[in-house]
Amino acid sequence: MKEKNLAYCWIPRGERVLFLRRTAGVFRAGEWELPGGTAEPGEPFETTAVREAVEETGLRVRVTGELARDSWPDIAGRDLRIHAFVYTTEETGTGEVVLNPAEHDDFAWLTPAEARELPLPDHFRRLLGPS
């Protein structure tokens, strides 16, 4: 079975965390997620998380720890196992969120309780815990 590794950033500002909405026409369109994406072959997952944060939001961050990890079979039924790593981060500069419109069409700084009310992939719902 093949494997795919994803790395995400938990980027806080006070009690709120940055969530992005997937744009129309892409996989999981309309769902909300943390900034992140697929690790390149041989790329450390922490590096993936930082790179994806810049590409998707324009924010510069550094990893401060690992918050969670999760695995599941591919939802499209392919012979593929997905592994996701979520890293706590802190911003290394100041800046406004600048989205990559090919991937995301909206963002919000949300409390975990607010985020639970949005359409989320199951792995983010598990991360946020029960309502």
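I first read the order of elements along the sequence and noted the pattern β-β-β-β-β-α-β-β-β-α-α. I counted three helices and eight strands in the chain. I record here that the model is predicted.

I then looked up the overall dimensions. The radius of gyration of the chain is 14 Å, close to the 14 Å given by the globule rule for 131 residues, so the chain is as compact as a globular protein of that length. Along the principal axes, the C-alpha atoms fill a box of roughly 40 × 35 × 30 Å.

I next turned to the sheet. Four strands form an open sheet, in the order β5-β1-β7-β6, and the pairing is mixed. β5 (36–38) and β6 (61–73) stand at the edges with a single partner strand each, so one side of each is left without a neighbour in the sheet. On average, neighbouring strands of this sheet are turned by 20° against each other, direction ignored.

I examined one pairing in detail. β6 and β7 (residues 80–91) run antiparallel and are joined by 11 bridges. I noted that serine 71 has histidine 83, in β7, as its bridge partner.

I asked what packs on the sheet and found helix α1 (residues 45–57), which touches β1 (2–10), β5, β6 and β7. The direction of helix α1 makes about 60° with that of β1.

Finally, I looked up burial, surface and contacts. Of the 131 residues, 39% count as buried. The accessible surface of the chain comes to about 7000 Å², and 52% of this belongs to carbon and sulfur atoms. Among contacts between residues at least 6 apart in sequence, 67% join residues at least 24 apart.

Terms used. Residues are numbered from 1 along each chain as its sequence is written. This is a predicted model: local features need pLDDT of at least 70, side-chain atom pairs count only at pLDDT 80 or more; totals for chains, interfaces and linings use all residues. Side-chain values use heavy atoms; hydrogens and water are left out. Two strands pair if DSSP finds at least two bridges between them. Helices (H or I, at least four residues) and strands (E, at least two) are DSSP runs, numbered from the N terminus. Axes are lines fitted to C-alpha atoms, for helices over the stretch in contact, and angles run from 0 to 180 degrees between N-to-C directions. Contact means heavy atoms within 4.5 Å. The radius of gyration is taken over C-alpha atoms; the globule rule is 2.2 Å times the number of residues to the power 0.38. Buried means under 20% relative accessible area, exposed over 50%, partly exposed in between (1.4 Å probe, protein chains only). Accessible areas come from the Shrake-Rupley method with a 1.4 Å probe; for residues, only the protein chains shown count as cover.
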